[in-house]
Amino acid sequence: MAEQLTFPPATAALFEPHLPALRQDDNPSRPFVTLTFATSLDSSLSLAPGVRTRLSGPESKVMTHYLRSRHSAILVGVSTLLADDPGLNCRIADATSQPRPIIIDPHLRWEIKGTEKVLQMCRAGAGLAPYVLTAIKPADLPAASLQLLTQLGGKIICVKAAGTDPRGRMRFDWRDVLHALHAEGLTSVMIEGGGQIINSLLEPACHELVDSVIVTIAPTWLGQGGVVVSPPRVRDNSGTPLPAARLSSARWYPLGEDIVLCGKL
């Protein structure tokens, strides 16, 4: 069993304004969305596509697990799942529940084998089985994968594709994704990556869907060729470039050698 982690209450209090309320009395139409990731000084998430790259120091890593304890779901894209094989669980010692892993996988690229870390955490009672969002029709879903996931308490959720990217890959509308999560009773989601998912949420059309942004900045440069956080260029009606996104109410918190930036789009 992995070591249980503790996050100092005084430090946790600093992040309270950037997190979903501990008690939600209203009935929002979508989950509270926190966009969070770790980046280098040159805005890179990893050294290259598919290469697992550690950026967060030990203090900010504990912070990540604390943030997970405050959300009902953790969301990553299938490329992150395949590259990193993450556990997608929470290791905070006094956590009262585990977040539900959500995998965005329009083409159902994940061939579920049962040896993945996220499923191992589930079997060990240290996490939950994932929900996989796909655009593949129910009749075309692989029976073995569906059975294995269902046995562990997970499920495959079909979401209509909203279009394709320049490479011909199907893409979802974030409103459809959040509607699907809301229908499952998930009141908050922590979106952790990867690069395509982060950049899509930083596009102006999605700003209203993101309630909080929490970025860990590591004191390192990864160099050219990495997976970079940089949303598509925005221009005004005359073609003049404009900033694609900006944080308001920004706050900076040092954690070990890292700096954590919090704000709202």
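S249 sits in strand β14 (residues 248–255). Helices (H or I, at least four residues) and strands (E, at least two) are DSSP runs, numbered from the N terminus. S249 has a positive phi of about 50 degrees, although it is not a glycine.

This is a predicted model, in which local features need pLDDT of at least 70, side-chain atom pairs count only at pLDDT 80 or more, and totals for chains, interfaces and linings use all residues. Residues are numbered from 1 along each chain as its sequence is written, and side-chain values use heavy atoms, with hydrogens and water left out.

**Backbone**

Most residues other than glycine have a negative phi, and most peptide bonds are trans. L108 is a non-glycine residue with a positive phi of about 50 degrees. L108 belongs to the loop between β4 (100–104) and α4. With a relative accessible area of 16%, L108 is buried. Buried means under 20% relative accessible area, exposed means over 50%, and partly exposed lies in between (1.4 Å probe, protein chains only).

G193 and G194 are joined by a cis peptide bond, with omega about 5 degrees. G194 lies in the loop between β9 (188–193) and α7 (195–201).

G154 is in another part of the chain, the loop between α5 (143–151) and β6 (155–158). G154 counts as buried, at 7% relative accessibility. From C-alpha to C-alpha, G154 and Y131 are 5.3 Å apart in space, yet 23 residues apart in sequence.

**The core**

The largest nonpolar core has 31 residues. Such a core is a set of buried Ala, Val, Leu, Ile, Met, Phe, Trp, Tyr and Cys residues joined through side-chain atoms within 4.5 Å. The residues with the most contacts inside this core are L35, L75, L133, W174, L181 and I191. Elements giving two or more residues to the core include β1 (32–39), β3 (73–77), β5 (131–134), α6 (174–183) and β10 (212–217). Helix α6 gives the largest share, five residues.

**Salt bridges**

Side chains of opposite charge can pair when their charged atoms come close. A salt bridge is a side-chain nitrogen of Lys or Arg within 4 Å of a carboxyl oxygen of Asp or Glu. By this rule there are eight salt bridges. Three of them are listed here.

| Pair | Closest N to O distance |
|---|---|
| R171 and D165 | 3.0 Å |

E192 is in strand β9 and R68 in helix α2 (residues 58–69), so the pair links distant parts of the chain, 124 residues apart. Both E192 and R68 are buried.

E184 lies in the loop between α6 and β9, while K155 is in strand β6, so this pair ties together parts 29 residues apart in sequence. E184 is partly exposed at 28% relative accessibility. K155 is partly exposed too, with a relative accessible area of 30%.

R171 is partly exposed at 27%, whereas D165 is buried at 14%. D165, R167 and R171 are linked in a network of salt bridges.

**A charged patch**

Which residues form a positive surface patch? They are R52, R54, K61 and K117. Patch residues have over 30% relative accessible area and no salt bridge, and like charges are joined within 9 Å. K117 is in helix α4 (residues 117–123). K117 is partly exposed, with a relative accessible area of 35%.

Key. Patch = residues over 30% accessible without salt bridge, like charges linked within 9 Å, V, L, I, M, F, W, Y side chains within 5 Å. Areas by Shrake-Rupley, 256 points an atom, 1.4 Å probe, with all protein chains shown as cover. Lys, Arg positive; Asp, Glu negative; His and termini not counted. Charge placed at Lys NZ, Arg CZ, Asp CG, Glu CD.
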